[in-house]
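The structure is shown first.

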Amino acid sequence: MEITKQTIIGDMLKEDQGIAMVLMQQGMHCVGCPASAGESLEEACMVHGLDADEVLQAVHAYMADK
């Protein structure tokens with residue numbers, strides 16, 4: 001699965017539950033929230049004031065290291 005800023009959070013977590021920890025480490029603490037499951041990574045980052053490119057880079061680093 002290619003993960004981009006447009007990837008839906010719920011789809012990312014279906015692909016790999018470990019991504020939840022990466023998102024939480026980046027400051028996205030509502031990963032379990034039902035609303036977040038339907039948001040894109042970019043939308044969720046915007047809501048939390050996070051840089052989507054930095055969060056995406058962290059997710060890609062996690063995926064490359066596993």
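## What covers helix 5

Helix 1 (9–15), helix 2 (19–25) and helix 4 (41–48) are among the elements that cover the buried residues of helix 5. Cover here rests on contact, meaning heavy atoms within 4.5 Å. Helices (H or I, at least four residues) and strands (E, at least two) are DSSP runs, numbered from the N terminus.

This is a predicted model, in which local features need pLDDT of at least 70 and side-chain atom pairs count only at pLDDT 80 or more, while totals for chains, interfaces and linings use all residues. Residues are numbered from 1 along each chain as its sequence is written, and side-chain values use heavy atoms, with hydrogens and water left out.

Helix 5 takes in residues 52–65, 14 residues in number. From its first C-alpha to its last it reaches 20 Å, close to the 20 Å expected at 1.5 Å a residue (the expected span is 1.5 Å times one less than the number of residues).

Ala 52, Val 55, Leu 56, Ala 58 and Val 59 are the buried residues of helix 5. They lie on the same side of helix 5, because they cover an arc of only 155 degrees around the axis (the arc of the directions from the helix axis to the C-beta atoms). Gln 57, Ala 64 and Asp 65 are exposed on the other side. Buried means under 20% relative accessible area, exposed over 50%, and partly exposed in between (1.4 Å probe, protein chains only).

## Met 28

The loop between helix 2 and helix 3 (34–37) holds Met 28. Met 28 is buried, with a relative accessible area of 2%. Leaving aside neighbours within four places in sequence, Met 28 is in contact with Ile 9, Leu 23, Leu 41, Ala 44, Cys 45, His 48 and Leu 50.

Met 28 and Val 55 are 27 residues apart along the chain, and their C-alpha atoms are separated by 9.3 Å.

## The chain as a whole

The chain has five helices and zero strands. Its radius of gyration is 10 Å, close to the 11 Å that the globule rule gives for 66 residues, so the chain is as compact as a globular protein of that length. The radius is taken over C-alpha atoms, and the rule is 2.2 Å times the number of residues to the power 0.38.

Along its principal axes the C-alpha trace spans about 25 × 20 × 20 Å. Of the 66 residues, 36% are buried. Among contacts between residues at least 6 apart in sequence, 61% join residues at least 24 apart.
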